[in-house]
Amino acid sequence: MSTPESPRRVRVTSPRTSAARRTSGHTGTREIDEQTRVGEVYMNSLIQSQLRLALVVIGATAVILGSLPLLFWLVPATRTLGVFGIPLPWVLLGIVVYPVVYVAARIYVRNAERIEAEFTEFVGRQ
């Protein structure tokens with residue numbers, strides 16, 4: 001006696017492969033808009049990331065610019081050295097400071113935008 005054959009499996013697919021998938025309705029943006037506890041956690045994480053970035057950029061800028069008086073104090077020759085007839089301290093404090101601040105601002109803006117984009121992508125996926 002032979003055993004009956006089991007039916008062949010058939011894969012069923014939807015003809016609408018480009019149809020949007022339904023989400024559970026609990027998106028991160030909804031959590032933030034409704035000011036739930038989860039939304040509060042999301043916003044706190046964004047604020048902490050932005051604050052950490054700001055403190056790092058401000059700290060680095062302060063160390064770079066704050067080290068100039070220390071340089072003048074530790075190396076007395078820098079006080080009398082001239083660049084194109086202008087004393088080096090005036091050149092550093094009057095001219096070089098501005099590009100340093102500009103670069104620090106550019107670094108901050110670029111990283112702040114990156115953090116916001118990553119946050120938006122993460123919250124949108126939830």
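**Setting values against definitions**

Colleague: Why is Leu-71 called partly exposed?

Modeller: Leu-71 has a relative accessible area of 34%, and the classes are set as buried under 20%, exposed over 50% and partly exposed in between, with a 1.4 Å probe and protein chains only, so Leu-71 at 34% is partly exposed. Please keep in mind that this is a predicted model, in which local features need pLDDT of at least 70 and side-chain atom pairs count only at pLDDT 80 or more, while totals for chains, interfaces and linings use all residues. Residues are numbered from 1 along each chain as its sequence is written, and side-chain values use heavy atoms, with hydrogens and water left out.

Colleague: Where does Leu-71 lie, and which residues form a nonpolar patch with Leu-71 on the surface?

Modeller: Leu-71 belongs to helix α2, residues 37-74 (helices are DSSP runs of H or I with at least four residues, strands are runs of E with at least two, and both are numbered from the N terminus). The patch consists of Leu-70, Leu-71, Trp-73, Leu-74 and Val-75, which together have about 510 Å² of accessible area (Shrake-Rupley method, 1.4 Å probe, with only the protein chains shown counting as cover for residues). Patch members must have over 30% relative accessible area and no salt bridge, with nonpolar side chains (Val, Leu, Ile, Met, Phe, Trp, Tyr) joined within 5 Å and like charges within 9 Å.

Colleague: What does UniProt record for residues 53-75 and 81-105?

Modeller: The unreviewed UniProt entry places the feature "transmembrane region" at both spans, though such annotations may be inferred rather than shown by experiment, and feature names are shortened and positions given in the numbering used here. In the model, residues 53-75 are 96% helix and 0% strand, with the end C-alpha atoms 33 Å apart, whereas residues 81-105 are 72% helix and 16% strand, with the end C-alpha atoms 30 Å apart.

Colleague: How do you know that Arg-37 and Glu-40 meet in a salt bridge?

Modeller: A salt bridge needs a side-chain nitrogen of Lys or Arg within 4 Å of a carboxyl oxygen of Asp or Glu, and the N to O distance between the side chains of Arg-37 and Glu-40 is 3.1 Å. The two residues sit in helix α2, 3 residues apart, about one turn of the helix. Arg-37 counts as exposed because its relative accessibility is 57%, while Glu-40, at 39%, is partly exposed.

Colleague: How many salt bridges does the structure hold, and what separates Glu-118 and Arg-114?

Modeller: The structure holds 2 salt bridges, including that of Glu-118 with Arg-114, whose closest N and O atoms are 3.3 Å apart. Because Glu-118 and Arg-114 are 4 residues apart in helix α4 (residues 88-125), about one helical turn separates them. Glu-118 has a relative accessible area of 45% and is therefore partly exposed, and Arg-114, with 41%, is partly exposed.

Colleague: Why does Gln-50 count as buried, and what joins the side chains of Gln-50 and Glu-116?

Modeller: Gln-50, which is placed in helix α2, counts as buried because its relative accessibility is 14%. The side chains of Gln-50 and Glu-116 are joined by a polar contact of 3.3 Å, a term for a pair of N or O atoms within 3.5 Å where, within protein, one must be able to donate a hydrogen and the other to accept it, and residues adjacent in sequence count only if both atoms are side-chain atoms. Setting aside residues up to four places away in sequence, Gln-50 touches Tyr-108, Ala-112, Ile-115 and Glu-116 (contact means heavy atoms within 4.5 Å).

Colleague: What makes Thr-78 buried, and which residues is Thr-78 in contact with?

Modeller: With a relative accessible area of 12%, Thr-78 is therefore buried, and this residue lies in helix α3, residues 77-80. Apart from neighbours within four places in sequence, Thr-78 is in contact with Leu-71, Phe-72, Leu-88 and Pro-89. A polar atom of the Thr-78 side chain lies 2.6 Å from the backbone oxygen of Val-75.

Colleague: Why is Phe-84 called exposed, and what is the phi of Phe-84?

Modeller: Phe-84 is exposed because its relative accessible area is 83%, and its place is in the loop between β1 (82-83) and β2 (86-87). Although Phe-84 is not a glycine, its phi is positive, at about 55 degrees. Most residues other than glycine have a negative phi.
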